[in-house]
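Me: I would like to go through this structure and ask what stands behind the labels used for it.

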Amino acid sequence: MWKFIHKLASPPHFYGLAAKIIPWFFLPGLILIFYGLYGGLLLAPPDYQQGDAFRIIYVHVPSAYLSLMAYSIMAISAGIGLIWRLKLAHAVAAAAAPIGAWFTFLALATGSIWGRPMWGTWWEWGDPRLTSELVMLFLYFGYMALRGAIDDTAKADRASAVLALVGAVNVPIIHFSVEWWSSLHQGPTLMKKGGPAMDAAMLYPLLAMILGFTLIFGALLLRRVRTEVLYRERRTRWVRHLVLSSAVEKK
Amino acid sequence: MTDNQPEMPGLGRGMMAVAKRDLFLAWKRPGDVLNPLFFFAMVATLFPLAVGPSAEQLEFSGPGVLWVAALLAMLLSLNSLFVSDFEDGSLEQMLVSPVPLAALSLGKTIAHWLTSGLPLVIVAPILGMTFRMPASVMGVLMLTLLLGTISLSLLGSIGAALTVGLHRGTALLSLLILPLAMPLLIFGARTVSLAAAGDVVAGGLYFLAAYAVLIVSLAPFAIAAALRISNE
């Protein structure tokens, strides 16, 4: 077991392995998303209350879920990197942040587009989820800004790891405090859970989208980590060897 | 080990020594203490000027404005928390000290809170009065600010420790700390509003107290880790 982890954590091994895994994430993810889009946008019946506007959940829900998931991955790998000084873990954390920020942005944008016909406004401060997503985006920005402000990679890794962990402790607190705050303003919002159960024709495409988004996220993450590893190891022998041999192949 | 090994100072003594030193430094440079206080008053003055002097509006926005102003004033005072120690090398002395760095960091934040948090708490009722806050709310206002500034001192110190020695530290610190401080703002301001409306305030106060306890126990270690990384 430990041997396997050590081998996995070695950059050249990971670099090669990730290249083999990425298609296995990417292709099923793509297929699932195509099915989800087709099923969600064409096959699923319109919602009896929201009409066709509900269909945005097929992008909104997976994005919102991934914005949290990416933050968890970032914080966990940052913690692993900090405790066991695993360089690869830091690379994963660094690679996860921008993707997570994009999914957060996507969740905010789709939520706001959905809010326009539903609430009659692009932005509703009374909705706790939208507000805590916004705070989430700021957390990502803070993480990336701190990373960008420190020139030395190893130092940036460790400093941003501390920030990610502090943020991870705070994320649930922020979420619940925002929920408490907005519950004082108005009653349950439309997005409240426990509404009428979803019809299977609506639900399956959504599940497919969530799984598909997650797989694509995995593929993107692995791809970014590969790039990150290549950049970080740019002075090592194996990278030089790799670059030279690929240059020879092209000729 | 020989006999003439100096006795290791205790946790509390090391912490208090740092706190005392910082308090003394603050006494010698009163501007550092007064500036955030003026800033607090200035921000609180800006709002009535911007939104208009109607009593209703002031009453309604008072708790929020005071809390935002206090948050920003704390942030302002946090910028310089570790900078002078970093520049004159005393931070490195703390790093190599036999007393755990977490205890020394706690000492620094105690001094920071006494010089920047406590004055805000004391001045807040005066500003609250200008916002037509009834006298009965003052106690809650001061209590929320008391608990909130303790948490902000510690939370902000983590950010200050992470950004010490960076060129763009000032703007960065706000980006790092403000999102994390949002729960404090929400509970602080809302609790004061509830008090003004004659509602039950225990829940909000309990939350702020719980947050303060959590962060007093965890933040010193995060600050110490951050300081070590910043000094690598």
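This is a predicted model: local features need pLDDT of at least 70, side-chain atom pairs count only at pLDDT 80 or more; totals for chains, interfaces and linings use all residues.

Reply: Residues are numbered from 1 along each chain as its sequence is written, with chains lettered from A and ligands numbered from 1 in the order in which they are written.

Me: What is the mean pLDDT of chain A, and which of its elements has the lowest?

Reply: pLDDT is the predictor's confidence in each residue, from 0 to 100. The mean for chain A is 84, and 92% of its residues reach 70 or more. Helices here are DSSP runs (H or I, at least four residues), numbered from the N terminus. Over residues 185-192 of chain A, pLDDT stays under 50.

Me: Why are α4(A) and α7(A) called oblique to each other?

Reply: Helix α4 (residues 87-119) and helix α7 (residues 200-232) of chain A pack at an angle of about 125°, with axes 8 Å apart. Axes are lines fitted to C-alpha atoms, for helices over the stretch in contact, and angles run from 0 to 180 degrees between N-to-C directions. Angles under 35 degrees count as roughly parallel, over 145 as roughly antiparallel, 65 to 115 as roughly perpendicular and the rest as oblique. The pair α4(A) and α7(A) is therefore oblique.

Me: What makes up the contact of α4(A) with α7(A), by class?

Reply: There are 11 nonpolar, no polar and 4 charged residues. Nonpolar means Ala, Val, Leu, Ile, Met, Phe, Trp, Tyr, Cys and Pro; charged means Asp, Glu, Lys and Arg; the others, Gly among them, are polar.

Me: How do you know which residues of α2(B) and α6(B) touch?

Reply: Two residues are in contact if their C-beta atoms, placed from the backbone, lie within 7 Å. Helix α2 (residues 30-51) and helix α6 (residues 101-130) of chain B pack at about 35°, with axes 10 Å apart. Their contact includes B:Phe40 of α2(B) and B:Leu120 of α6(B). Its residues divide into 10 nonpolar, 2 polar and no charged.

Me: How many residues does each chain give to the contact between them, and which element of chain B gives the most?

Reply: Chain B gives 20 residues and chain A 23. On the side of chain B that touches chain A, α8(B) gives the most, with 10 residues. That side of chain B has 16 nonpolar, 1 polar and 3 charged residues.

Notes: Helices (H or I, at least four residues) and strands (E, at least two) are DSSP runs, numbered from the N terminus.
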